[in-house]
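Hi,

Here is the structure I said I would pass on.

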Amino acid sequence: MIRRPPRSTPKPSSAASDVYKRQLCGSKVTVDLEISKNTVNSFSHIVKACALGQASSSVMAKNIIGTDIYELLDLKTKMKDMLKDDGLPPSGKWSDLEVLQPVKGYKGRHSSVLLTFDAVEDCINQYLLKSEKSNGEIS
């Protein structure tokens, strides 16, 4: 069972932060990540979204700590493939996302499911950009 994601306060010292909003439906998610050595150490989010956005955000919150950033980028690709093509749902610790597979038939709702993935991806890109600027090493 997927529960409504808990509210949490963004951390001002986060390595990366992003606010992602869908103009069409008004859904909004604020994500704060702390990443070290390509692994997510801390996650905070505020979700103001429909049930689909809440469901995907809840699964993200449950599983993101300790996850490699490249696994998260791959996860977003798998979710897009599941919704837009005939891709299989994610497996392993992300298998709860399978409940969102029926959304495939509702193209207008894909962005609601992907909201939290888009915000996490933006945070990861911020981290990678910062890392490139500091002597080309990822800390």
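**Salt bridges and a histidine**

Asp86 is exposed, with a relative accessible area of 73%. Keep in mind that this is a predicted model. The side chain of Asp86 meets that of Lys104 in a salt bridge, 2.4 Å from N to O. Both residues sit in the loop between H2 and H3, 18 residues apart. Lys104 is partly exposed, at 30% relative accessible area.

How many salt bridges does a search of the whole structure find? It finds 5. Another one pairs Asp96 with Lys62, with 2.7 Å between the closest N and O atoms. Asp96 is in the loop between helix H2 (69-84) and H3, while Lys62 is in helix H1 (residues 51-63), so this pair ties together parts 34 residues apart in sequence. Lys62 is exposed at 58%, and Asp96 is partly exposed at 29%.

Then there is Asp118 with Lys76, the closest N and O atoms being 2.6 Å apart. Asp118 belongs to helix H3 and Lys76 to helix H2, so the bridge ties together parts 42 residues apart in sequence. Asp118 is buried at 8%, and Lys76 also counts as buried, at 11%. Glu121 joins these two in a network of salt bridges.

Last, His110, which is found in helix H3 (residues 110-133). His110 is buried, with a relative accessible area of 4%. A polar atom of its side chain lies 3.3 Å from the backbone oxygen of Val103 and one lies 3.5 Å from the backbone oxygen of Leu83. Beyond its neighbours within four places in sequence, His110 contacts Leu83, Lys84, Val103 and Lys104.

Cheers

Technical notes: Residues are numbered from 1 along each chain as its sequence is written. This is a predicted model: local features need pLDDT of at least 70, side-chain atom pairs count only at pLDDT 80 or more; totals for chains, interfaces and linings use all residues. Side-chain values use heavy atoms; hydrogens and water are left out. Helices (H or I, at least four residues) and strands (E, at least two) are DSSP runs, numbered from the N terminus. Buried means under 20% relative accessible area, exposed over 50%, partly exposed in between (1.4 Å probe, protein chains only). A polar contact is a pair of N or O atoms within 3.5 Å; within protein, one must be able to donate a hydrogen and the other to accept it, and residues adjacent in sequence count only if both atoms are side-chain atoms. Contact means heavy atoms within 4.5 Å. A salt bridge is a side-chain nitrogen of Lys or Arg within 4 Å of a carboxyl oxygen of Asp or Glu.
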